[in-house]
Amino acid sequence: MPQSTPRKFERDARKLAGPAHLVIGHSKIDSEGCHTTAPIKKGDVVVEYTGPRITIKQADAFYDDHPRTYLFGLTDGKHVIDGEGVAAFINHSCDPNCEADEIKGRVWIIAARDIQAGEELTYDYNLYDGDLDDPSPCSCGADNCRGSMYSEEELVRRAKAFRRRSLRKKKAGRARA
Ligand SMILES: [Zn+2]
C-alpha cells in the first residue's frame, strides 16, 4: 500500500464544505471516500472539483515525492486543478456511478446513473502520464476492473514503453558483454 503523505498545502476545512449530503468517511476502496446521504438522479451535477489552477510544471515541482496527489488534468494539457474540496475525496472506480466533465475550464462531477443514499461516489480517473515505475493499482473491486487506475489508452502506451525499455536493456546488456 502506498503511504499517504501530507499535502503541500494544509487542507482548509472551510473549503471542504460541499453540499450537505456529501460526507467524507471510511471507504472500502481506499482509506477515505465521499458518500452521499441523499439519493442523486442520473445527470445531476453532484459537486464541482474545486481548487487552485496550477501548471503541470508547478505540480511536478510541488508533488514530485508525493505518491498521493489530488490533481485533475485539464484538457488544455498545461494546467491541473489542485483539488481541495470534497470532490478530491471521490475515489476511482472502473465501474463508477459518476463521471467528470470539464465545461469551460471548470470540472463537474455528474451522476452517471441514479445513485442511492449511502452509496460511495466514484468516477473513472483515467490517469495518464504516470511514471513507468508507478503502476497505480486499482482496488475498486468491480467485475470489469482494469487492475489499474490508468486509462485504457495509457495502459497501451505504458505496455509499449515497457517493451521499448526492456529492448533497451537487452541492447545495453549486449554492449557491455
Ligand atoms: Zn478497478
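Let's start with a pair of strands: β8 (residues 98–103) and β9 (residues 106–111) run antiparallel and are joined by 6 bridges. Strands here are DSSP runs of E with at least two residues, helices are runs of H or I with at least four residues, and both are numbered from the N terminus. Two strands pair if DSSP finds at least two bridges between them. Within this pair, Glu99 sits opposite Ile110 of β9. The hairpin of β8 and β9 has 2 residues between the strands, and Lys104 adopts a positive phi near 50 degrees there.

A word on the model: it is predicted, so local features need pLDDT of at least 70 and side-chain atom pairs count only at pLDDT 80 or more, while totals for chains, interfaces and linings use all residues. Residues are numbered from 1 along each chain as its sequence is written.

## The whole protein

The protein has 3 helices and 10 strands, and along the sequence they follow the pattern α-β-β-β-β-α-β-β-β-β-β-β-α.

Of its 177 residues, 22% count as buried (20 or more other C-beta atoms within 10 Å of the residue's own, with C-beta atoms placed from the backbone). Take the contacts between residues at least 6 apart in sequence: 66% of them join residues at least 24 apart. A contact means that the C-beta atoms of two residues, placed from the backbone, lie within 7 Å.

## A three-stranded open sheet

Another place to look is an open sheet of 3 strands, ordered β4-β6-β5 with antiparallel pairing. β4 and β5 are at the edges with a single partner strand each, so one side of each has no neighbour in the sheet. On average, neighbouring strands of this sheet are turned by 40 degrees against each other, direction ignored. Helix α2 (residues 56–63) packs on the sheet and touches β4, β5 and β6; the direction of α2 makes about 85 degrees with that of β4. For such angles, axes are lines fitted to C-alpha atoms (for helices, over the stretch in contact), and values run from 0 to 180 degrees between N-to-C directions.

## How β6 meets its partners

Strand β4 (residues 53–55) is joined to β6 (residues 79–82) by 3 bridges, and Arg53 has Ile81 as its bridge partner in β6. β5 (residues 71–73) is likewise linked to β6 by 3 bridges, running antiparallel. Here Phe72 has Ile81 in β6 as its bridge partner.

β5 and β6 also form a hairpin, with 5 residues between them. In its turn, Gly77 has a positive phi of about 75 degrees.

Definitions and conventions
A residue is buried if 20 or more other C-beta atoms lie within 10 Å of its own, exposed if 12 or fewer, and partly exposed in between; C-beta atoms are placed from the backbone.
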